[in-house]
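Me: I have a model to look at. Please help me check the words used for it.

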Amino acid sequence: MGGADSFNGGRKLRPLSTRIYSCPTSAANTNFDHRFNMEQNKRELMMLNSETQHPPVMVSSRWNPTPDHLKALEEIYQQGTRTPSADHMKQITAQLRRYGKIEAKNVFYWLQIPKQQSP
């Protein structure tokens, strides 16, 4: 008897390979992902369009002292306060908040700037 061919009845066998089966849920997931991306793109486009129709309001981050702020700070400066402690700066800031928005750093920097003496 002759070799491997006689065992298979003379037929040659194909090498084994793995079959790739399509999973029905993967097609559904692909469709879901595509729909999700389309919806997300629509939302982003609508946001862009609404921004062009209603431009965002520009808010300045720069501090604009009120006349009352300036008056109070000038009085503090005239009294000789140049570098208050952290606690003192918090107290000053708390008092000045009744005149409008102000932060401790505004008080600190304002007191650091040399002021011209009025004649």
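Me: What covers the buried residues of α4?
Reply: The cover includes α3 and α5. This is a predicted model, where local features need pLDDT of at least 70, side-chain atom pairs count only at pLDDT 80 or more, and totals for chains, interfaces and linings use all residues. Residues are numbered from 1 along each chain as its sequence is written, and side-chain values use heavy atoms, with hydrogens and water left out.

Me: Which residues of α4 are called buried?
Reply: M89, I92, T93 and L96. Buried means under 20% relative accessible area, exposed over 50%, partly exposed in between (1.4 Å probe, protein chains only). On the other side of α4, D87 and K90 are exposed.

Me: Why are the buried residues of α4 said to line one face of the helix?
Reply: Look down the axis of α4: they fall within an arc of 100°, so they line one face. The arc is that of the directions from the helix axis to the C-beta atoms.

Me: Why are α4 and α5 called roughly perpendicular?
Reply: Helix α4 (residues 86-96) and helix α5 (residues 104-112) pack at about 105°. Angles of 65 to 115 degrees count as roughly perpendicular, under 35 as roughly parallel, over 145 as roughly antiparallel, and the rest as oblique. Therefore α4 and α5 are roughly perpendicular to each other.

Me: Which residues make the contact between α4 and α5?
Reply: From α4 come M89, I92, T93 and L96; from α5 come A104, V107 and F108. Contact means heavy atoms within 4.5 Å.

Key: Axes are lines fitted to C-alpha atoms, for helices over the stretch in contact, and angles run from 0 to 180 degrees between N-to-C directions. Helices (H or I, at least four residues) and strands (E, at least two) are DSSP runs, numbered from the N terminus.
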